[in-house]
Amino acid sequence: MKAMLHAFSFFLICVLAYYVAVVIQREEKQSPGKHSESPHRSQKASGSAPAPVEEPPLPLRDAERQADVPVGDPAAEEENQQLPSLQGVTTAPDHDADVPDEVPGGQEEENQQPHPLARGWGADIDWVETYEEGLKVAKASQKPLMVIHHLENCPVCKDLKAAFSSHEEIQRMAKEDFIMFNLVHETEDRNLAPDGYYVPRILFIDPAMVIRADIATKSENYRYSYTHNDMQLLMENMKKAKTPPEQSEL
């Protein structure tokens, strides 16, 4: 009887051991990730470079967020899918930055850069750079050349410049009817100083290359010097300069 009890006990122990082994094996098949490394770690441990995976391009921030999502995590993948795409989004301007306003149509011309050779005598006038260029253009265009001698630190020149540049009719004639040249140094042509070297001094040369010494001011000592009070006289002399000397004498 005792022998039968011992045999039956041994049989129960064997059955129980077999059952435990079967349960453990089934759990290992259902959750292999608990006892094995992730694919990225396995490749790193083996020393082989991971094969490149072709994925659709993502915006930078989406790509960074995508890299942080664990593989096989449904909650994380769902959160990543809800992220808005950055493609086609316009960056809002910084409120602290200076954002240029739209320039009204009537002010576009006023905001244009002045002519580099104007020196304050008229930003809209097409000034020539040299005396020789002025003579050449005057002859080709059949327009008189107007030569303005001045100095930047001359008070009389500054006042004359302000009056000249603000006079609408003078600016119009200078732009349309004359070849304009202003200079702060003397030329080699002594004919441009009929009564001496001084500033301000304005002379006219007609397209035939004749210096109009007959077009002068009312001053006896400085016949070609104008002041800011002589705008009416200067405008009349500009009209004379547009007429050839042989016609003006008639």
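Lys 161 forms a salt bridge with Glu 152, with 3.4 Å between the closest N and O atoms. A salt bridge here is a side-chain nitrogen of Lys or Arg within 4 Å of a carboxyl oxygen of Asp or Glu. Lys 161 counts as buried at 13% relative accessibility, whereas Glu 152 counts as partly exposed at 43%. Buried means under 20% relative accessible area, exposed over 50%, and partly exposed in between (1.4 Å probe, protein chains only).

The model is predicted: local features need pLDDT of at least 70, side-chain atom pairs count only at pLDDT 80 or more, and totals for chains, interfaces and linings use all residues. Residues are numbered from 1 along each chain as its sequence is written, and side-chain values use heavy atoms, with hydrogens and water left out.

A search of the whole structure finds six salt bridges. One of them joins Arg 201 to Glu 186, with the closest N and O atoms 2.8 Å apart. Arg 201 lies in strand 3 and Glu 186 in the loop between strand 2 and strand 3, so the pair ties together parts that are 15 residues apart in sequence. Arg 201 is buried, with a relative accessible area of 0%. Glu 186 is partly exposed, at 34%. Salt bridges that share partners also join Glu 169, Arg 172 and Glu 176 into one network. Within it, the closest N and O atoms of Arg 172 and Glu 176 are 2.9 Å apart. Both residues lie in helix 7 (residues 168–176), four residues apart, about one turn of the helix.

The chain has nine helices and three strands. These are DSSP runs numbered from the N terminus (helices H or I, at least four residues; strands E, at least two). The three strands form an open sheet with the order 2-1-3 and mixed pairing. Strand 2 (179–183) and strand 3 (201–205) stand at the edges, each with a single partner strand, so one side of each is left without a neighbour in the sheet. Strand 1 (residues 145–149) pairs with strand 3 in the antiparallel sense over five bridges; two strands pair if DSSP finds at least two bridges between them. In this pairing, Ile 148 stands opposite Ile 202 of strand 3. Helix 8 (residues 231–241) packs on the sheet and touches strand 1 and strand 3. Contact means heavy atoms within 4.5 Å.

Of the 250 residues of the chain, 26% count as buried. Among contacts between residues at least 6 apart in sequence, 67% join residues at least 24 apart.

Notes
Axes fitted to C-alpha atoms, helices over the stretch in contact; angles between N-to-C directions.
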